[in-house]
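Work through the exercises below with the model open. Each task is followed by a solution in steps.

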Amino acid sequence: MTLLFSSEQYRATAEAYIRGIERRIEAGLNSKVGSVASLFVSRWDTAVAGKVPPELANRLGIAIARRTYQEYVKLLGSSRWQRAFNEGAIPQRLLFASTGTKDPKASDTLYVESLATPLTVNTMPEATLQAVADHGKVDALPAKDMNDSARTLDDFVKAGVNLSALGVQLQEEGATSFVKSWNDLLNVISSKTASLQQAA
């Protein structure tokens with residue numbers, strides 16, 4: 001499940017996943033279904049760059065991701081999930097996507113280091129991967145460091161950021177971009193197919 005930008009969107013995805021697992025269990029089907037819920041991080045900071053006080057720069061994406069992680073851990077500890085787990089289900093893992101740093105003034109390993117925590121996946125561009133291998137510090141964060149998002153998010157609200165509206169906007173923009181990329185790919189395939197047919 002991809003193109004998630006907020007804890008609300010994540011909860012909807014996680015609810016759909018566990019509901020599907022429960023239905024498979026009820027039907028006597030295999031409950032082991034691998035899945036990730038892909039949360040995009042850095043685009044939050046790009047969206048508010050220059051619109052919030054300097055001390056808030058490059059902090060929104062991490063705060064959103066950490067709040068979502070809290071929801072993730074809460075779900076994994078729920079009695080509902082434990083029942084599914086006892087039937088052989090495997091967790092849908094939270095995946096942090098778009099973790100390459102866009103701001104040249106910020107650390108090139110900012111998002112990776114800030115979100116290094118157990119039971120998650122992190123996808124990153126090659127340049128970020130190389131930076132992490134070279135000088136990144138990715139020891140697993142203590143739980144308390146993943147629970148500090150509320151105050152930061154309050155600071156953004158006070159700065160005039162409508163978090164709910166921005167989350168929806170980012171998802172819509174992401175979907176539009178994905179659709180364009182898909183259509184571009186189909187056009188390239190169609191063009192190449194036509195060229196090969198003519199050559200034949």
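**Exercise 1.** In this predicted model, find which residues of helix H1 are buried and where around the axis they lie.

*Solution.*
Step 1. Apply the cut-off for buried, under 20% relative accessible area. In H1 this gives Ser 7, Gln 9, Tyr 10, Thr 13, Ala 14, Tyr 17, Ile 18 and Ile 21.
Step 2. Around the axis these residues cover an arc of only 160°, so they sit on the same side of H1.
Step 3. An α-helix has 3.6 residues a turn, so residues three or four places apart point the same way.
Step 4. Turn to the face of H1 directed away from the buried side: Arg 23 and Glu 26 are exposed there.

**Exercise 2.** Identify what the buried residues of H1 pack against.

*Solution.*
Step 1. Two strands are partners: S1 (36-40) and S2 (93-97).
Step 2. The helices that H1 packs against through its buried residues are H3 (60-76), H4 (79-86) and H8 (163-199).

**Exercise 3.** Classify the ring pair of Phe 40 and Phe 178 and state which parts it ties together.

*Solution.*
Step 1. The structure has four aromatic pairs. In the pair of Phe 40 and Phe 178, the ring centres are 6.4 Å apart, and the pairing limit is within 6.5 Å.
Step 2. The planes meet at 70°, and over 60 degrees counts as edge-to-face, so this pair is edge-to-face.
Step 3. Phe 40 belongs to strand S1 and Phe 178 to helix H8, so the pair ties together parts 138 residues apart in sequence.
Step 4. Phe 40 is buried at 7% relative accessible area, whereas Phe 178 is partly exposed at 38%.
Step 5. Ring pairs also bring in Phe 5, giving a cluster of Phe 5, Phe 40 and Phe 178.

Technical notes: Residues numbered from 1 in each chain as written. Predicted model: local features only at pLDDT ≥ 70, side-chain atom pairs only at ≥ 80, totals over all residues. Heavy atoms only, no water. Buried < 20%, exposed > 50% of the residue type's maximum accessible area, 1.4 Å probe, protein only. Helix = DSSP H or I, 4+ residues; strand = E, 2+ residues; numbered from the N terminus. Arc of directions from axis to C-beta. Contact = heavy atoms within 4.5 Å. Phe/Tyr/Trp six-rings, centres within 6.5 Å; stacked < 30°, edge-to-face > 60°.
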